[in-house]
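Please read the following note with the model open beside it.

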Amino acid sequence: MIYQVYVRSFADGDGDGTGDLAGVRARLPYLAELGVNALWFTPWYLSPMKDGGYDVADYRVIDPAFGTLAEAEKLIAEALQLGIRTIVDIVPNHVSDQHAWFRAALRGGPERELFHFRPGRGADGELPPNNWRSQFGGPAWTRLADGSWYLHLFAPEQPDLDWSHPAVRQEHEDILRFWLERGVAGVRIDSAALLVKDPALPDFTEGRDPHPYVDRDELHDVYRAWRAIADEYGAVFVGEVWLPDTERFARYLRPDELHTAFNFSFLTCPWDAGRLRRSIDETLAEHAPVGAPATWVLCNHDVTRTVTRYGREDTGFDFATKAFGTPTDLALGTRRARAAALLSLALPGAVYVYQGEELGLPEAEIPLDRIEDPMHFRSGGTDPGRDGCRVPLPWTAGAPHAGFGGEPWLPQPEGWPAYAADLQARDPGSMLSLYREAIRLRPALGDGPLTWLPAAEGVLAFRRSDGICLVNLAGTPVTLPAHSGLLLASGPLDADGRLPEDTAVWLRA
């Protein structure tokens, strides 16, 4: 079980309103008690923070807002003493426009070859070199004063690197060794399928094969070289790979490439038994041929929080814009999120839990004048952005700023202290208590393969080697299958011992 730490919002150790490594170190006992096996840190490197740290200016320097390299080394060592390993985040597609390479490129140095600079189209070069669009909205090109254009698949402050250049490959291999030498156990690779571009930079047309910048065959040579480095250190690599083609997805998980990759089909599923079962089956099937472990995640730093997503009766979800059709019912969303926690933790493979999910935090509404996410601005305000799931955590109900530290960089909602970890730790019925108990009991389900059991429509029922998981997404209570004991339930059974709607249970087989 891997816990995702978004450092800026986890815990503030020095009182300046920004989460930091000191705050994480102080909360290591909490994470150990939760039962996590590893911590995945979103980028903690030197950054202008134009995209929450995913605009990296220097991979070998910890951003001063978070601490120092020496503190990071202490954190890695202290966590390991508690049995918790560390996974760092690498962003190979692009760097910050403040990175030394890009600043030298702007001065006309040979570093221009490390990026995608091109002349524009049109009579005076006034049009972008091609029609590619930024992931954050708008064109994927920005024009400089000298008339040239540079490529950025994300924000203009994130120029894309040219992975056909040997220096780009060598630098990233050196960065991997730098962190592996400091004791990290794994690396999460951001936007892992976007690195390599068609050198001709052709216009994008729907259905074009191969795609000019997604999942190009040349990528696999990059990851084979990285895997050789991982094997030297006994490290694990996990890729952020968004691909609808399951066969091509599985290629990244071959024995000489990445160890595992995030499973986004499960994350984006509505609360629907048929869709969830299909996602589970497809995920296990696509991992089986290459022997890679599946991954399961309900939320991360880019996605509307689970309680809010599942609190919509209308389950249609546009992942790109985070748009829903109906208001949120937090009671409904919390009930479903509790059931979903038991479902995900019962599945074979690795589970990723984003900070605050174990507290049942809902998505926060950020005042317009406090939004920082570039997705909001690049969309012209139509996308609310991702700040709502990045609000600093509540630790202590009676303390200023709910015990986070100084006045938080993003405002906490008025009711935030009610979700505080100290309150939930004392409440056996809280979301935190459910997560702690589920993680503690998870081994009791056994480590066998998943076998589906007969079940009514709208009900998910499967067995591992020693346990059964039953999740009721139907409209009426259901009778429990034959079992030898009840391990854990996400909510109370009804008066007849049946499993109510939007509730899950673990049973001893």
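1. A residue is called buried when its relative accessible area is under 20%, and exposed when that value is over 50%. By this definition, both F10 and W395 are buried. The model under discussion is a predicted one, and the remarks below should be read with that in mind.

2. Aromatic pairs deserve attention at the outset. Two rings are taken as a pair if their centres lie within 6.5 Å. By this rule, the count for the model is 28 aromatic pairs. One of them joins Y3 and F10 edge-to-face, with 6.2 Å from centre to centre and 80 degrees between the planes. Y3 has a relative accessible area of 0% and is therefore buried. F10 also counts as buried, because its relative accessibility is 0%.

3. F10 takes part in a further aromatic pair, with W395. This pair is edge-to-face, its ring centres being 5.2 Å apart and its planes at 80 degrees. Where do F10 and W395 lie? F10 belongs to helix α1 (residues 7-10), whereas W395 is found in the loop between α13 (374-378) and α14 (421-425), so the pair ties together parts that are 385 residues apart in sequence.

4. F41, W44, Y45, Y59, F178 and W179 form one aromatic cluster. F178, a member of this cluster, also has a charge over its ring: the charged end of R182 sits there, 3.7 Å from the ring centre.

5. The next point concerns two helices. Helix α6 (residues 166-180) packs with helix α7 (residues 219-233) at an angle of about 20 degrees, and their axes are 11 Å apart. Angles under 35 degrees count as roughly parallel, and α6 and α7 are therefore roughly parallel to each other. Their crossing is right-handed. Which residues meet between them? On the α6 side they are R169, H172, E173, L176, R177 and L180; on the α7 side they are D221, V222, A225, W226, I229, E232 and Y233.

6. Finally, is T42 buried or exposed? T42 is buried, because its relative accessible area is 2%. Its place is in the loop between β2 (38-41) and β3 (45-46). Leaving aside residues up to four places away in sequence, T42 touches Q4, V5, Y6, V7, Y54, D89 and H301.

Key. Residues numbered from 1 in each chain as written. Predicted model: local features only at pLDDT ≥ 70, side-chain atom pairs only at ≥ 80, totals over all residues. Heavy atoms only, no water. Phe/Tyr/Trp six-rings, centres within 6.5 Å; stacked < 30°, edge-to-face > 60°. Buried < 20%, exposed > 50% of the residue type's maximum accessible area, 1.4 Å probe, protein only. Helix = DSSP H or I, 4+ residues; strand = E, 2+ residues; numbered from the N terminus. Lys NZ or Arg CZ within 6 Å of the ring centre and 35° of its normal. Axes fitted to C-alpha atoms, helices over the stretch in contact; angles between N-to-C directions. Parallel < 35°, antiparallel > 145°, perpendicular 65-115°, else oblique. Left-handed = near helix turned anticlockwise from the far one by under 90°. Contact = heavy atoms within 4.5 Å.
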